[in-house]
Amino acid sequence: MNTERIKPVTARTFQQMKDNGEKITMLTAYDFSTAKYIDEAGVDSVLIGDSLGMTVLGYDTTINVTVEDMITFTKAVSRGIKRALIVADLPFLSFNVSKEQTTINAGKLIQAGANAVKLEGASDFILDEVKHLVNSGINVVGHLGFTPQYINTIGGYYIQGKSYENTLKLLKQAKKLEENGAFAIVLEMMPEESAKYISENLLIPTIGIGAGKYCDGQVLVIDDILGKYWGNTPKFVKQYANIKEIMKNAVSQYNTEVKNIIFPDSEHSFRLTESEREKFEYSIIK
Ligand code: KIV
């Protein structure tokens, strides 16, 4: 019997990693097997990001994603994880409406298997919600900089924190998130110097996406690094594989082989024994 126990990554581990200057790794995952491979590769955290709206559900933005969608994918991912810290996104308007609604929705994600929830923004209203969630026993990750759920009010995919004043504003928001109990903050799409300034002035770790090397950790969308995503890939993504081409080639080969009766061949088929086969040959059904 294998009695080896795996020590899970927790919010506390994140803090220790920042304090020790050790980089935190995070990737998105949306399904069981991908989550399992990410976990086995030693990645510290998986994010069931509402980016699943685009990567899995085929929407143009994250706005259409519901709590029910997030619950389904969080359950699938959490079944594949033994070590990594599981973070699930609170989707558009599942928070930011009332403290009660936020707590109920966050609770559903935790009950689906997440160890923490992530929410975008830092208005006074949201900060109050963060405090309430933490007081209710729910770990919270903040998300600042480019915040995809606000795409309509931002007006497009613009880099944030491009000036000292804007970066200072982001730092103030980050500090408030920290004060209200968030244990980490995702910083999305900003100059590396701005992310460095924010990261160095916070006690809690920052996880960057398109925010340069000075963040305490990094997160990317799994479909982007595998080269699976059908849409445009942002500048900050490094593609480590070309799964799209591998999938297209495999599927096209399968299609051709079935149409030309190459597949299934004898290697992939079951056969009767000689004596049973003979019975078929001599039997005539009237
Ligand atoms: O939804 C998501 O995948 C995210 C990452 C981009 C951080 O929030």
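## Salt bridges within the chain

A salt bridge is taken here as a side-chain nitrogen of Lys or Arg within 4 Å of a carboxyl oxygen of Asp or Glu. In this structure, which is a predicted model, the rule gives a count of 10 salt bridges. Among them is the pair formed by the side chains of Glu200 and Lys196, with an N to O distance of 3.2 Å. Both Glu200 and Lys196 belong to helix α9 (residues 192-200), where they stand 4 residues apart, or about one turn of the helix. Glu200 has a relative accessible area of 56% and is therefore exposed, whereas Lys196, at 28% relative accessibility, counts as partly exposed.

Another of the salt bridges joins the side chains of Asp216 and Lys18, at 3.0 Å from N to O. Because Asp216 is placed in the loop between β7 (206-209) and β8 (217-220) while Lys18 sits in helix α1 (residues 11-19), this pair ties together parts of the chain that are 198 residues apart in sequence. Asp216 counts as buried at 15% relative accessibility, and Lys18 likewise counts as buried at 15% relative accessibility, the cut-off for that class being under 20% relative accessible area.

In a further salt bridge, Asp223 pairs with Lys228, and the closest N and O atoms are 3.7 Å apart. Here Asp223 counts as buried, at 5% relative accessibility, while Lys228 is partly exposed, with a relative accessible area of 37%.

## Packing of α4 with α5

Helix α4 (residues 67-79) and helix α5 (residues 99-111) have axes that come within 9 Å and cross at roughly 20°. Since angles under 35 degrees count as roughly parallel, α4 is therefore roughly parallel to α5. The crossing in which α4 passes α5 is right-handed. On the α4 side the contact is made by Val67, Glu68, Met70, Ile71 and Thr74, and on the α5 side by Asn105, Lys108 and Leu109. Sorted by class, the residues of this contact of α4 with α5 comprise 4 nonpolar, 2 polar and 2 charged.

## Packing of α8 with α9

As α8 passes α9, the crossing is right-handed. The residues of α8 that take part are Tyr164, Thr167, Leu168, Leu170, Leu171 and Ala174, and they meet Ser194, Tyr197 and Ile198 in α9. The contact of α8 with α9 has 7 nonpolar and 2 polar residues, with no charged residues.

Once neighbours within four places in sequence are left aside, Asn242 is in contact with Leu226 and Gly227. The C-alpha atoms of Asn242 and Ser33 are separated by 18 Å, the two residues being 209 residues apart along the chain.

Conventions
Residues numbered from 1 in each chain as written. Predicted model: local features only at pLDDT ≥ 70, side-chain atom pairs only at ≥ 80, totals over all residues. Heavy atoms only, no water. Axes fitted to C-alpha atoms, helices over the stretch in contact; angles between N-to-C directions. Helix = DSSP H or I, 4+ residues; strand = E, 2+ residues; numbered from the N terminus. Parallel < 35°, antiparallel > 145°, perpendicular 65-115°, else oblique. Left-handed = near helix turned anticlockwise from the far one by under 90°. Contact = heavy atoms within 4.5 Å. Nonpolar A, V, L, I, M, F, W, Y, C, P; charged D, E, K, R; others polar. Buried < 20%, exposed > 50% of the residue type's maximum accessible area, 1.4 Å probe, protein only.
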